[in-house]
Amino acid sequence: MGTATAGYGQYCPISRALDLLGERWSLLILRDLLTGTSRFNDLARGLPGLSRSLLARRLRRFERAGLVERTADGGYVLSAAGYELEPILFGLGAWGARWTFGAPEPAELDAQLLVWWMHTRLDTSGFPGKRHVLGVLFTDDPRRYWIVVESGIASVCDSDPGFPVDVTITSDVSSLYQVWLGRVPMLHAMRAGRLEFVGPAALTRRMSTVLRLSPVAAR
């Protein structure tokens, strides 16, 4: 917990909470833990502006405070106290969506990070077979990405994995961000030519359920 010298020095529950949660990156680490990320390397990859040393310090502090627990295989899970932050954190997201969430700034658009987020929210269980490959082609970023789902486990490749692609997702980075975050409806983006799914019709027509949107999209 914070102290009078390290924190706000006020005997108030809001002050105490901010002593623990108010530091830079803290709430985003908790956001990713709440949405299912549990491995250190995956947390680091989903927070590319955060150094690994600072991530380690934040996680140790959360452990000491009883928000995070280590698993037997070295992962991280939220404790009951950590999970109680869910309505607070996503309530903050709902407030942000209503009052601060305008069009994206260019510096906020990271194609690689977007694909990383997307791969954690795929449901290809309706596709035939055990391996499913989605290609991601951005019209305004030269990098190519492939999301490979093997028996329900998804991974991201930035070089061709050598498997046949089932569906290619084509969009500009800004549009796909806005669809992913619920700012632009998927069907609207498709009708406007800002998003396209290329592949067999039996698969492309399922993409609205395959590509589950960000947990904050509904808010």
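Let me begin with a definition: helices (H or I, at least four residues) and strands (E, at least two) are DSSP runs, numbered from the N terminus. The model before you is predicted, so local features need pLDDT of at least 70 and side-chain atom pairs count only at pLDDT 80 or more, while totals for chains, interfaces and linings use all residues. Residues are numbered from 1 along each chain as its sequence is written, and side-chain values use heavy atoms, with hydrogens and water left out.

I turn to the chain as a whole. It holds 11 helices and seven strands, and its C-alpha trace spans about 60 × 40 × 30 Å along the principal axes. Of the 219 residues, 40% are buried; buried means under 20% relative accessible area, exposed over 50%, and partly exposed in between, with a 1.4 Å probe and protein chains only.

On the surface, Leu27, Leu92, Trp95 and Trp99 form a nonpolar patch with about 450 Å² of accessible area together. Patches are made of residues with over 30% relative accessible area and no salt bridge; like charges are joined within 9 Å, and nonpolar side chains (Val, Leu, Ile, Met, Phe, Trp, Tyr) within 5 Å. A salt bridge is a side-chain nitrogen of Lys or Arg within 4 Å of a carboxyl oxygen of Asp or Glu. Accessible areas come from the Shrake-Rupley method with a 1.4 Å probe, and for residues only the protein chains shown count as cover. Which helix gives the most to this patch? Helix 6, residues 86–99, does, with three residues. Trp99 is found in helix 6 and counts as exposed because its relative accessible area is 56%.

Next, the pockets. Rolling a probe the size of a water molecule over the atoms shows where empty space is left. On a 1 Å grid over the protein atoms alone, a pocket is an open set of points with protein on both sides within 12 Å along at least five of seven lines, whereas a cavity is a set where a 1.4 Å probe fits but cannot get out; lining residues have an atom within 4 Å of a point. Grid points are joined across faces, edges and corners, and a volume is the space filled by probe spheres set on the points.

The largest pocket contains about 1400 Å³ of space. Its lining has 44 residues, and Arg31, Phe101, Trp117, Leu181 and Val216 lie nearest its centre. Helix 6 supplies the largest share of that lining, seven residues. By class, the lining has 23 nonpolar, 13 polar and eight charged residues; here Ala, Val, Leu, Ile, Met, Phe, Trp, Tyr, Cys and Pro count as nonpolar, Asp, Glu, Lys and Arg as charged, and the others, Gly among them, as polar.

The second largest pocket has a volume of about 350 Å³. Among its 17 lining residues, His119, Thr120, Arg121, Gly152 and Ala154 lie nearest the centre. Helix 7 and strand 5 (153–157) each supply at least two residues of this lining, which divides into five nonpolar, nine polar and three charged.

Finally, two backbone points. Trp25, in the loop between helix 1 and helix 2, has a positive phi of about 80° although it is not a glycine. Is Trp25 buried or exposed? Trp25 counts as buried, because its relative accessibility is 18%. Ser151, in the loop between strand 4 (144–150) and strand 5, is likewise not a glycine and has a positive phi of about 50°. Ser151 is exposed, with a relative accessible area of 56%.
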